[in-house]
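Opening the notebook on this one. I'll look things up one by one and jot down what comes back.

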Amino acid sequence: MLYWLLKRILLGPILRLLFRPTVEGLENLPEDGPAILASNHLSFSDSIFLPLMVPRRITFLAKSDYFTGSGLKGRLTAAFFRAAGQVPVDRSGGSAGNSALRSGLRVMSEGDLLGIYPEGTRSPDGRLYRGRTGVARMALEGQVPVIPVVMIGTDEAQPTGQLIPSIRPITVRIGAPLDFSRYEGMAEDRFVLRSITDEIMYELMLLSGQEYVDVYAATQKKRLLAAAKARAKDLEAKLPTRHPQSAAPVRDIGVTPHPQDGEPTPDVVDGEAGPGESLPRAS
């Protein structure tokens, strides 16, 4: 109930009026029955504008952190995700992966659309990163089609760290459904799962025009963070050290000079992403 209240009355009309979002390829969306919407992930706003522009309800598997935050922002985020009917999942690895799989299959068993971000996290730089194979496993075990979807402009409207989106054009582009029934019964074959996932990412690359990077987004973020820390440490090492100067008396006024303070250390920039088969760049 709250999902449709937010979409049709409380939030949806305002967003449509301000951002004038557009959608392409709605004819590729089935009118009923379960399916997976596999989307690129550029911004927190993706989870707002994609459901807004799709007539049917979409249930996302949202990371459990969104439901356990503290402070005003954390409580508001948790309230929004609960109101939107999203499902919390633990993404810490191990048995958490099976829990997410079961949650996704349960959503689709009820005939609903399941929203997934195969990259696993937001892109750190607007490029498209290697997909996680969970989307392939869900497609095979649920025996459902995968519909590639790309968000365009959400990273400009709401970059990472920005709370209130800026007014920018937003486009949702929906591709033709991908049928993987030829791999039925092969959900345990990791080579099949990787092949399916790469096919999905290739379609997302073609739809979005993004440059493809054959590493996981989470690994790339860690690399960026490590590089930023190394640069900050190098800069700090080059700054003058703080030490008292010799207290030689000044002949005319009889005082000693004060030691010089060192310059402040620059802030460290945040950043988060593994190897695999390369995909061609979009032309």
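Which residues are buried in helix H6 (residues 134–142)? I looked this up in what is a predicted model, and got Val135, Ala136, Met138, Ala139 and Leu140. Just after H6 I stopped at Gln143, which takes a positive phi of about 50°.

**Entry: helix H3**

Next I went to H3, residues 46–53. I found this helix mostly covered, with eight of its eight residues buried. My list starts with Asp46 and Ser47, runs on through Ile48, Phe49, Leu50, Pro51 and Leu52, and ends at Met53.

**Entry: Thr59**

I picked Thr59 in strand S3, which spans residues 58–63. Is Thr59 buried or exposed? I get a relative accessible area of 5%, so Thr59 is buried, the cut-off being under 20%. I then checked what Thr59 touches, skipping residues up to four places away in sequence. I noted Gly85, Gln86 and Val87, then Val107, and finally Leu113, Leu114 and Gly115.

Which residues touch the most other members of the largest nonpolar core? I wrote down Ile36, Leu114, Met138, Leu140, Phe180, Ile196 and Ile200, out of 33 residues in that core. I also asked where its residues come from: strands S2 (35–39), S4 (87–89), S5 (113–116) and S7 (146–152), plus helices H5 (95–109), H6 and H8, each supply at least two. H8 gives the most, with eight residues.

I took a closer look at Ile196. Leaving aside neighbours within four places in sequence, I see Ile196 in contact with Ala136, Leu140, Phe180 and Tyr183. Apart from that core I found another one, of 23 residues, including Ala35, Ile58, Tyr117 and Ile147.

**Entry: salt bridges**

How many salt bridges are there? I count nine.

I started with Glu24 and Arg173, whose side chains meet in a salt bridge at 2.8 Å, N to O. Glu24 sits in strand S1 (residues 22–24) and Arg173 in strand S8 (residues 171–174), so this pair ties together parts that are 149 residues apart in sequence. I checked cover on both: Glu24 is partly exposed at 35% relative accessible area, and Arg173 also counts as partly exposed, at 24%.

Then I moved to Arg127 and Asp125, a salt bridge with the closest N and O atoms 3.0 Å apart. I have Arg127 as partly exposed, with a relative accessible area of 26%, and Asp125 as partly exposed, with 36%. Which residues are linked in a network of salt bridges? I get Asp125, Arg127 and Glu211.

Last pair: Glu188 and Arg137, where I find the side chains meeting in a salt bridge at 3.2 Å, N to O. This one links distant parts of the chain, as Glu188 is in the loop between S8 and helix H8 (190–208) and Arg137 is in helix H6, 51 residues apart. Is Glu188 buried or exposed? I read a relative accessible area of 63%, so Glu188 is exposed, given a cut-off of over 50%. Arg137, at 23%, is partly exposed.

**Entry: back to H6**

Arg137 of H6 instead has its side chain in the salt bridge with Glu188.

Definitions and conventions:
Residues numbered from 1 in each chain as written. Predicted model: local features only at pLDDT ≥ 70, side-chain atom pairs only at ≥ 80, totals over all residues. Heavy atoms only, no water. Buried < 20%, exposed > 50% of the residue type's maximum accessible area, 1.4 Å probe, protein only. Helix = DSSP H or I, 4+ residues; strand = E, 2+ residues; numbered from the N terminus. Contact = heavy atoms within 4.5 Å. Salt bridge = Lys/Arg side-chain N within 4 Å of Asp/Glu carboxyl O. Core = buried A, V, L, I, M, F, W, Y, C linked by side-chain atoms within 4.5 Å.
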